[in-house]
Amino acid sequence: MFYAPQLFESMGHSGSMALLSTVIIGAVNVICTIVAIVMVDRAGRKALFIQGGTQMIIAEVIVGVLVYHTFMPQHASNEAMKSAAIAFICLFVAGFAWSWGPLGWLVPAGELLDIACGFVKEAGGKTGAFERGLSFSLLCRRSRSRCRA
């Protein structure tokens, strides 16, 4: 996402078209992240991981081939290849945004907080108790160091 404008400019797009393509990719990212939030409980984490990973691999291979051919002199002015590269980059970002992007945060959080078992309230209580215990121990340590001085 950070170097998308430079990539598009190197493929022959103008500066404004490169920025517009980056905005389109960002919009796809946001929309597909919302799709992930809605679909994770319906489709399941495993199905989203597999589908998103497969989509990302296929899109990345196609983008690599398109970018390779775009840099060849005989295809340098081919607008269809440039547009196809943007479309497949959007497909890659969509696959990441509804699978590996948000689920990479959800799966560890679900395992730590026992969300899969339905003990959200109990896990939240444990987390709060841990945080209070940690804060209390740090407070006691700080107050003991002041008493010695």
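Two residues are in contact here when heavy atoms lie within 4.5 Å of each other. The legends below refer to a predicted model.

Figure 1. Read from the N terminus, the elements follow the order α-α-α-α-α. The chain has 149 residues, and buried residues make up 27% of them. Its accessible surface comes to about 10100 Å², and carbon and sulfur atoms account for 71% of that surface. Among contacts between residues at least 6 apart in sequence, 68% join residues at least 24 apart.

**Figure 2. Helix α2 packs against helix α3**. Two packed helices are described by the angle between their axes and the distance between the axes. Helix α2 covers residues 15-43 and helix α3 covers residues 45-70. Their angle is about 120 degrees, and the axes are 7 Å apart. This angle makes α2 oblique to α3, because an angle counts as roughly perpendicular from 65 to 115 degrees and as roughly antiparallel over 145. On the α2 side, the contact is made by M39, V40 and A43. On the α3 side, R45, A47 and L48 take part. By type, the residues of this contact divide into 5 nonpolar, no polar and 1 charged.

**Figure 3. F49 and W100 form an aromatic pair**. A search of the whole structure finds 1 such pair. The ring centres of F49 and W100 are 4.5 Å apart, with 50 degrees between the planes, and the pair is tilted. F49 lies in helix α3 and W100 in helix α4, which spans residues 79-113, so the pair ties together parts that are 51 residues apart in sequence. Is W100 buried or partly exposed? W100 has a relative accessible area of 42% and is partly exposed, because residues count as buried under 20% and as exposed over 50%.

**Figure 4. L66 is a buried residue** **of helix α3**. The relative accessible area of L66 is 12%. Which residues does L66 contact, leaving aside its neighbours within four places in sequence? They are M81, A84, A85 and F88. I86 is 20 residues from L66 along the chain, and the C-alpha atoms of L66 and I86 are separated by 9.8 Å.

**Figure 5. C90 is a buried residue** **of helix α4**. C90 has a relative accessibility of 13%, so C90 counts as buried. Apart from its neighbours within four places in sequence, C90 is in contact with I24, I25 and V28. S21 and C90 are 69 residues apart in sequence, while their C-alpha atoms are 9.3 Å apart in space.

**Figure 6. L91 is a partly exposed residue** **of helix α4**. L91 has 40% relative accessibility. Once neighbours within four places in sequence are left aside, L91 is in contact with Q55 and A59. V63 and L91 are 28 residues apart in sequence, and the distance between their C-alpha atoms is 9.9 Å.

Definitions and conventions
Residues are numbered from 1 along each chain as its sequence is written. This is a predicted model: local features need pLDDT of at least 70, side-chain atom pairs count only at pLDDT 80 or more; totals for chains, interfaces and linings use all residues. Side-chain values use heavy atoms; hydrogens and water are left out. Axes are lines fitted to C-alpha atoms, for helices over the stretch in contact, and angles run from 0 to 180 degrees between N-to-C directions. Helices (H or I, at least four residues) and strands (E, at least two) are DSSP runs, numbered from the N terminus. Angles under 35 degrees count as roughly parallel, over 145 as roughly antiparallel, 65 to 115 as roughly perpendicular and the rest as oblique. Ala, Val, Leu, Ile, Met, Phe, Trp, Tyr, Cys and Pro count as nonpolar, Asp, Glu, Lys and Arg as charged, and the others, Gly among them, as polar. Rings of Phe, Tyr and Trp (its six-membered ring) pair if their centres lie within 6.5 Å; planes under 30 degrees apart count as stacked, over 60 as edge-to-face and the rest as tilted. Buried means under 20% relative accessible area, exposed over 50%, partly exposed in between (1.4 Å probe, protein chains only). Accessible areas come from the Shrake-Rupley method with a 1.4 Å probe; for residues, only the protein chains shown count as cover.
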